[in-house]
Amino acid sequence: MKILLSKPGLDGHDVGVKVLAHGLKAAGFEVVYTGLRKSIETIVDMAVEHKVDAIGLSILSGTHLVLAARMNELMTERNLHIPWFVGGNIPTFDVPKLEAMGASKAFPTGSKVQDVVEYFEELNAKA
Amino acid sequence: MSEVKTRKTAGELNVKRAFLESGIEVNPIYTAEDVEYTGIKNEMPGEYPFTRGIHPAMYRKAPFTIRQYAGFASPEETNERFHFLIKNGQTGLNVAFDLPTQCGLDSDNPAALGEVGRVGMAVDTLDDFEIAFNGIDFDKITVSLTINGSAIILIAMYIALAEKRGFDIQTLRGTAQNDILKEFIGRGTWIFPVDKSVKLVVDTIEYCAEHIPKYSPVSVCGYHIRESGANPIQEMAYAFCIAKAYTDGALSRGIDIDDFASRLSFNFDIYGNLFEQIAKFRGGRRLWAKIIKEEYGAKNDKSCWLRMIAGGGGGGLTKEQPENNIIRSAYYALISALSGTQTMALCSYDEAYTIPTEKSAEISLRTMQILIYEMGICDTVDPLGGSYYVEALTNRFEKEIAKEIKRVDEWGGIVNAVATGKIQESVSKQAYEREMGIQTGAVPKVGVNLFTRKEDPKPVDFHPYNQKAADNQIEKLKRIKATRDHEKVQELLAAIKADAQAGKNLMPPIIAAVKAYVTVGEIVQVMKDVFGEFDEPIFF
């Protein structure tokens, strides 16, 4: 299973996304990382180009609802069905909002690497 | 002679071994014979090499400056928070900017969508500075600008505003973070390629040395490097390597070391083992003094000072049981004062979630004030000086930091190590190992892997995003752009471009441009046209 980890928007905090990248790799997943400050368009292009099975958006600046709305729009526009998830500084009360916008999962601050690994193992088993 | 050997190590006392985060083993007991460097016996605070502090009387003369990080939404709201903090006893300002400003984009840039005024205040033109600092006396309150990629422009705005107010800039004080090299390691608000970025920092040092001798144009940050995964030894070592890179740049322009070294300052992180942090600062202060005197030949003692802001780091705070962060921050403040800091700032207890509310910002302020007014921390300088353990560890840190600096030299120097991603790669690996240590319980963390309880789903108040302020900011920008002298704006931008192409110092043309309300985004764009942009090495 191949996962794209991305940093949309202007937020430069990449400790979390890199910790997750290490953790997913250690659990046997293939990981592609976009680097900082990518537009949603670039991220989706990269996802298609690398034929990934899931897309992760790491957002710590608080812009997750704005960026998730754009993600939802673009995925619908391009008729893509790659599951995408959001992680970062996300208040728990925004989790259902993100899920309503099409995110298959949201991992708020305090989530464990193991939680994400288990989520992907489940996805993988279903696929 | 006594036949009985002193039992001091874990093995000798039959107890568990203990290691600092830096990997140094600590013994259960220290005695005089563990303190190899005995010079400390005769060293006085305020005397080279400044192990015990940079001033003779330290806090007895004046306590450390309290400078909480603040700024959000519009310049109007930020101005209100500034006045609130000053009214409550804060003695300096530390300005937070939003991400578009930090990345050199105007508020109306499509890439700024949803970010205007979110993590700090939005600044497009000098008009925003005029509003944000309305009623704030630059003589009484020193202002620190937390800005890096676009620092040269924001420093220019600060100078332009001071001049507009009729201030003699010869006496203007203040600080800018302006440490771009650490942005490539952590925090990520770089804009231009590494070498051009360093050139811009050196431009500001050169300009300030000539025109604004009391301004501190750079605050070299170990803080964010540590937050990115570096251990305390690496935090100091990488910061010193970065400071040396800027110093080398300034010297290559023919500036005398004693004309700028005393204006370099540092920003360090505090979390983790109490004694490890104190030794890190004392050993680091001694090593930096030696570097500046012995390697660079400074003659003025002030050039050798390691002046610092050392504050409670976000890296130690937790989302779980957030009230515990108040207690952690109080310990961090104590560590900072015991280490002889010049300026202190604490992360507020709710920062793992949100921008601090007025209430949590007040708690941080009171934490530092209680330390100053109730704890006797200001009575005596370097109260831990002479402790066998602290002195032994201080010596060890001086040695270990020097070793780590050598390692960076072997990598081809800090600029190369950052451009190729060498440092980023190693600290990110360490961040992963530390995080896994916390998640598996190997690194104890109260409320996270020890003494846990079911979390309240909404335990703190959230600072809401102000969409209206963002809309107003964009409207105001449009209005200013429409009413400027367009021809003059184009001329001023062309002048910046020409000087950038000619490799000249960009401070003078940028100061001229901001005075005419040329925007941050417009200036950064012409600089990008000449310098290009940083190509981030991708790895983890």
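1. Strand 4 of chain B pairs with strand 5 (residues 92-96) of chain B in the parallel sense, over two bridges. One residue pair can be picked out here: Ala70(B) has Val95(B), in strand 5 of chain B, as its bridge partner. Note that the model is predicted.

2. These strands belong to an open sheet of five strands in chain B, in the order 4-5-6-7-8, with parallel pairing. Which strands stand at the edges? They are strand 4 (69-70) and strand 8 (215-216) of chain B. Each has a single partner strand, so one side of each is left without a neighbour in the sheet.

3. On confidence, chain B averages a pLDDT of 94, and 98% of its residues score at least 70. For the complex, the predictor gives an ipTM of 0.94 and a pTM of 0.95.

4. Helix 5 (residues 151-164) and helix 7 (residues 194-211) of chain B have axes that come within 10 Å and cross at roughly 20 degrees. Angles under 35 degrees count as roughly parallel, so helix 5 of chain B is roughly parallel to helix 7 of chain B. Helix 5 of chain B contributes Ala151(B), Ile152(B) and Ile155(B) to the contact, while helix 7 of chain B contributes Leu200(B), Asp203(B) and Thr204(B). By class, the residues of this contact are four nonpolar, one polar and one charged. As background, an α-helix has 3.6 residues a turn, so residues three or four places apart point the same way.

5. The length of helix 10 (residues 274-295) of chain B can be checked by hand. At 1.5 Å a residue, its 22 residues should span 32 Å. The expected span is 1.5 Å times one less than the number of residues. The end C-alpha atoms of helix 10 of chain B are 31 Å apart, which agrees. Just after this helix, Gly297(B) takes a positive phi of about 70 degrees.

Conventions
Residues numbered from 1 in each chain as written. Chains lettered and ligands numbered in written order. Predicted model: local features only at pLDDT ≥ 70, side-chain atom pairs only at ≥ 80, totals over all residues. Pairing = 2+ DSSP bridges. Helix = DSSP H or I, 4+ residues; strand = E, 2+ residues; numbered from the N terminus. pLDDT = per-residue confidence, 0-100. Axes fitted to C-alpha atoms, helices over the stretch in contact; angles between N-to-C directions. Parallel < 35°, antiparallel > 145°, perpendicular 65-115°, else oblique. Contact = placed C-beta atoms within 7 Å. Nonpolar A, V, L, I, M, F, W, Y, C, P; charged D, E, K, R; others polar.
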